[in-house]
Amino acid sequence: MKPEGIAEELSGAFAGARGLLSNLLDLFGLEARRAGLMLVLMLACGVIGAVLTVAGWIGLLAALVMWAVARGIEWPAALGTVALANAAAAGLFFWLCARASRDLAFPATRRELRPKRLELV
């Protein structure tokens with residue numbers, strides 16, 4: 001084989017590899033742009049969903065107060081009862097969240113990785 005033939009083959013192989021890498025980087029860039037747009041869409045949908053959920057919850061509480069007033073309960077008592085029930089539910093959820101956070105520290109893994117004391121037999 002001639003040295004020029006080997007050089008041409010290597011040049012062609014490098015050009016092909018460079019083209020493949022360029023195509024992969026283009027694909028990666030397009031997918032990254034699409035992923036960014038989808039993340040923005042997901043965040044927007046989450047915010048809108050949260051706002052609609054809060055609006056629905058407030059409407060449900062207002063309907064509950066109106067129902068209680070229609071049954072003869074005074075406005076302050078109805079509003080106070082609904083507010084206290086809402087605060088109690090919020091407190092329960094915060095307590096559950098704090099309790100669930102204990103498992104975030106990987107307690108079993110840390111226990112297994114902790115050096116064990118030597119036991120004398």
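Biologist: Hi! What does Leu64 count as, at 44% relative accessibility?
Modeller: Leu64 counts as partly exposed. Buried means under 20% relative accessible area, exposed means over 50%, and partly exposed is in between, using a 1.4 Å probe and protein chains only.

Biologist: What kind of model is this?
Modeller: This is a predicted model, where local features need pLDDT of at least 70, side-chain atom pairs count only at pLDDT 80 or more, and totals for chains, interfaces and linings use all residues. Residues are numbered from 1 along each chain as its sequence is written, and side-chain values use heavy atoms, with hydrogens and water left out.

Biologist: Thanks! Where is the place of Leu64?
Modeller: Leu64 sits in helix H1. Helices are DSSP runs of H or I with at least four residues, strands are runs of E with at least two, and numbering starts at the N terminus.

Biologist: What separates the C-alpha atoms of Leu64 and Ala78?
Modeller: A distance of 8.4 Å, with the two residues 14 apart along the chain.

Biologist: Which residues make the nonpolar surface patch?
Modeller: Leu92, Phe93, Trp95 and Leu96, with an area of about 440 Å². Patch residues have over 30% relative accessible area and no salt bridge; like charges are joined within 9 Å, and nonpolar side chains (Val, Leu, Ile, Met, Phe, Trp, Tyr) within 5 Å. A salt bridge is a side-chain nitrogen of Lys or Arg within 4 Å of a carboxyl oxygen of Asp or Glu. Areas come from the Shrake-Rupley method with a 1.4 Å probe, and for residues only the protein chains shown count as cover.

Biologist: Is Phe93 buried or exposed?
Modeller: Phe93 is exposed, because its relative accessible area is 56%. Phe93 lies in helix H2, residues 75-100.

Biologist: Last one: where does Phe106 lie?
Modeller: In the loop between H2 and H3. Phe106 has a positive phi of about 50 degrees although it is not a glycine, and Phe106 counts as exposed at 57% relative accessibility.
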